[in-house]
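Please keep the sequence and the structure in view while reading.

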Amino acid sequence: MSYQILANATAKVLMDIIEQDKIPFQVTHLAKLIDDLSLRNQVVTIFGNGGSAADAQHFATELVCSYCNKDRKPFKALALTTDSSIITAWSNDFNFEGIFSRQIEALNNSIGLAVGLSTSGNSVNVINGLKKAKELGIANCLICGSNYQEKSFIDFVIKIPSSNTAIVQTVTQVIYHSICEELEK
């Protein structure tokens, strides 16, 4: 896909989102939840695979450090994608499908929100992490593309109207940057 085709397709998805006016409401809701969790001294965990793993780290960094306002308070956030020893030990000794659910189980009482990122919406380890969060009474959210199949245990889904991985990843960044901007108002 050439630059112009990808840029136009991404712009079209963003315009569709603006017209639907659903995701901006979800962004505001998620920012409010993260702010409330901060007051309760709870952590937001964020996780995904591949490019979504990188986005999990990026989102956690924006929450902990800053987005634009260098003087604002930090929000407690942790990307569950960063501890290679945990990920490789659990994958080697048990299974890759449990790398996030095991960490959520370990951090249970500290977590207020588990955010899964999956361009397909169906990554087994991400879904298992969100399922474990629900079992433990932790709020959960999935940010995903249009191929996501509804799951009753996911509290909050931000579904990007595209199945193109590049577009879903780009719009995911717009979403989490918008959450950070909302938190810094």
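Ser 162 is found in the loop that runs between strand 5 (156-159) and helix 7 (165-183). The model is a predicted one, and in this model Ser 162 has a relative accessible area of 9%, so it counts as buried, because that value is under 20%.

What does the side chain of Ser 162 have 3.1 Å from one of its polar atoms? The backbone nitrogen of Asn 164 lies at that distance. Leaving aside residues up to four places away in sequence, Ser 162 touches Val 13, Gly 145, Ser 146, Ile 167 and Val 168.

## Helix 1 against helix 7

Two of the residues touched by Ser 162, Val 13 and Ile 167, also take part in the contact between helix 1 and helix 7. The axes of helix 1 (residues 3-20) and helix 7 come within 10 Å and cross at roughly 50°.

On the side of helix 1, the contact is made by Leu 6, Ala 9, Thr 10, Val 13, Leu 14 and Ile 17, while helix 7 contributes Ala 166, Ile 167, Thr 170, Val 171 and Val 174. When these residues are sorted by class, the contact of helix 1 with helix 7 has nine nonpolar and two polar residues, and no charged ones.

## Helix 5 against helix 6

How are helix 5 and helix 6 oriented to each other, roughly parallel or roughly antiparallel? The axes of helix 5 (residues 99-107) and helix 6 (residues 124-135) come within 7 Å and cross at roughly 25°, and helix 5 and helix 6 are therefore roughly parallel, because the angle is under 35 degrees. The crossing in which helix 5 passes helix 6 is right-handed.

Helix 5 takes part in this contact through Ile 99, Phe 100, Ser 101, Ile 104 and Glu 105, and helix 6 through Asn 125, Val 126, Asn 128, Gly 129, Lys 132 and Ala 133. The residues of the contact of helix 5 with helix 6 divide into five nonpolar, four polar and two charged.

## Ser 52 in helix 3

Another serine, Ser 52, is found in helix 3 (residues 51-64). Its relative accessibility is 6%, so Ser 52 counts as buried. Not counting residues up to four places away in sequence, Ser 52 touches Leu 117, Ser 118, Thr 119 and Gln 169.

Conventions
Residues are numbered from 1 along each chain as its sequence is written. This is a predicted model: local features need pLDDT of at least 70, side-chain atom pairs count only at pLDDT 80 or more; totals for chains, interfaces and linings use all residues. Side-chain values use heavy atoms; hydrogens and water are left out. Helices (H or I, at least four residues) and strands (E, at least two) are DSSP runs, numbered from the N terminus. Buried means under 20% relative accessible area, exposed over 50%, partly exposed in between (1.4 Å probe, protein chains only). A polar contact is a pair of N or O atoms within 3.5 Å; within protein, one must be able to donate a hydrogen and the other to accept it, and residues adjacent in sequence count only if both atoms are side-chain atoms. Contact means heavy atoms within 4.5 Å. Axes are lines fitted to C-alpha atoms, for helices over the stretch in contact, and angles run from 0 to 180 degrees between N-to-C directions. Ala, Val, Leu, Ile, Met, Phe, Trp, Tyr, Cys and Pro count as nonpolar, Asp, Glu, Lys and Arg as charged, and the others, Gly among them, as polar. Angles under 35 degrees count as roughly parallel, over 145 as roughly antiparallel, 65 to 115 as roughly perpendicular and the rest as oblique. A crossing is left-handed if the near helix is turned anticlockwise from the far one by less than a right angle, and right-handed if clockwise.
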